[in-house]
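This briefing walks through a protein model and a ligand, beginning with the ligand's surroundings and moving on to helix packing and backbone details. Please keep the sequence and the 3D view open while reading.

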Amino acid sequence: MTDVQARGVADGPAAPTTIVEVDGVTKSFTTPEGQPLPVLEDVSLTLAEGEIVALLGKSGSGKSTLLRCIAGLIAPSSGKVLYRGRPVTGANPGVAMVFQSFALLPWLTVRQNVELGLEARGVPLEKRHQQAERAIDRIGLDGFESAYPKELSGGMRQRVGFARALVVEPDALLMDEPFSALDVLTAENLRTELLRMWETRDFPTKAMLIVTHNIEEAVLLADRIFVLAANPGRIRTELSVELGRPRDRRDPAFVRLVDEIYGIMTEREEAVVAPAQAEVSAPASPTDQPLPAATVGGLAGLLEILAARGGREDLPVLASELTFEVDDLLPIVDAADLLDLAVVDEADLELTEAGRTFVQADILVSKEIFAKQAQKRAPLVRAICKSLANTKDGTLGESFFLDLLRRGFAEDEARHQLDIAIDWGRYGELFEYDANSGQLTLETGSADEPAA
Ligand code: ADP
Ligand code: MG
């Protein structure tokens, strides 16, 4: 009688009761230049009763966009979201969200913030108070009812975020990086408490979907993990986590799974051109191949540590030694890989010949190597050098490049891309940038090799 779900597509036999189904969702935004910006491509997944699912992906892979589609805050460009078998057309009635930024109203007290969700759903006053009280107790905010958000620590603020979501007793709880604005200990504490509540019988929610960029967090929490690839966001892999609870990060099976996911997330996506052609055909354009958000300083640091460890090391080991979050380490690894200064093999990072020379040489030679690799392999750096070389005085305003970048990126990301390229170009002494005038100028003596 309802729209029949597409059966047998991805569901195994005897699928548990599905709460949310995402079916072939594609989402495209429009850049400021009016070009389509594909953010999600053909994403399908389900969230069933009794499970915790993690969506794991680098920043920019469309995780928040997907969560917004599921919550019904934005509509997919194509494909659909179903809640209990019914297409979601407005706000999804079965879900509540927890945001990274807490999203509290500063002029309301803890109690008022928590009651907000109930008010929106038309719950009468008396009942609102009762339910809010329960949610506040449950999440450990007892005694803070009359406090204002600014009086609270980050951890307590996020408790309010959780209480506000749980107070409506949502069928499914959606969380968008709920722990990533918290310090490590506070995050661990809140995560553990959430799991403890989840395991009690009276937890008001039947399923949880968490978006995260943190591999360990996904493995700690989830029964199933969807790893997203970026540009546009799509599902790269789905993994089941067959570990008992409570989970121990030091458990060899835990470590193995984290390792495996590291490998998946750092795997270079297949180049579109065949390797034999790659040398001669035009390289990817700056919008096809965005620069990873890595500074030269970070990159050099990582390569030095790698060299000190004999030129090859396990990525999770590197990350934990550096006490880096994955999200911070992965762009640097991507940059090393893009510039062919290091390669990822399984979950190991290994210096290349060029990488080794880069680390060992004196600064001038290092800069030369970097310049050569960046010009050869980083499309935006290459494009800037060529454009500058084609002017009479080797100078162009940044708006020229920003305009080009806006065809393929949202406003912020266009700026971000240019900033990365400027950092790289300056280090390689390929071009200079004057922040006051916004001018980029070719360095004299930088041999912009004409396309051979
Ligand atoms: P994630 O949460 O994985 O970091 P997002 O879903 O926030 O990724 O964003 C994915 C991409 O979509 C980014 O490039 C971002 O700039 C772009 N994007 C997100 N929302 C909008 C929007 N409203 N308009 C234009 N571009 C957007
Ligand atoms: Mg996000």
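Predicted model: local features only at pLDDT ≥ 70, side-chain atom pairs only at ≥ 80, totals over all residues.

**Around the ligand**

Helix H1 supplies the largest share of the shell around ligand 1, namely 3 residues.

**The shell of ligand 1**

- The residues that surround ligand 1 are Phe29, Leu37, Val39, Lys58, Ser59, Gly60, Ser61, Gly62, Lys63, Ser64, Thr65 and Ala410.

**Polar contacts and cover**

- In the side chain of threonine 65, an N or O atom is found 2.5 Å from an oxygen atom of ligand 1.
- For lysine 63, a polar side-chain atom lies 2.9 Å from an oxygen atom of ligand 1.
- Serine 61 approaches the ligand through its backbone, where an N or O atom is 3.1 Å from an oxygen atom of ligand 1.
- On its own, ligand 1 has 560 Å² of accessible area, and the protein covers 64% of that area.
- Two elements, strand E2 (36-48) and helix H1 (63-71), are those that give two or more residues to the shell around ligand 1.

**A pair of packed helices**

- Two packed helices are described by the angle between their axes and by the distance between those axes.
- Helix H15, which spans residues 398-405, packs with helix H16, which spans residues 411-427, at an angle of about 125°, and their axes are 9 Å apart.
- Because of this angle, H15 counts as oblique to H16.
- The crossing in which H15 passes H16 is right-handed.

**Backbone features in loops**

- Asparagine 231 and proline 232 are joined by a cis peptide bond, whose omega is about -10°, and proline 232 has its place in the loop between strand E9 (224-229) and strand E10 (234-240).
- A cis peptide bond also joins arginine 245 and proline 246, with omega at about -5°, and proline 246 sits in the loop between E10 and helix H7 (252-266).
- Phenylalanine 102, a residue other than glycine, has a positive phi, with a value near 70°, and phenylalanine 102 belongs to the loop between strand E6 (95-98) and helix H2 (110-120).

How values were computed:
Residues numbered from 1 in each chain as written. Chains lettered and ligands numbered in written order. Heavy atoms only, no water. Near = heavy atom within 4 Å. Polar contact = N/O pair within 3.5 Å; in protein donor to acceptor, adjacent residues only side chain to side chain. Areas by Shrake-Rupley, 256 points an atom, 1.4 Å probe, with all protein chains shown as cover. Helix = DSSP H or I, 4+ residues; strand = E, 2+ residues; numbered from the N terminus. Axes fitted to C-alpha atoms, helices over the stretch in contact; angles between N-to-C directions. Parallel < 35°, antiparallel > 145°, perpendicular 65-115°, else oblique. Left-handed = near helix turned anticlockwise from the far one by under 90°.
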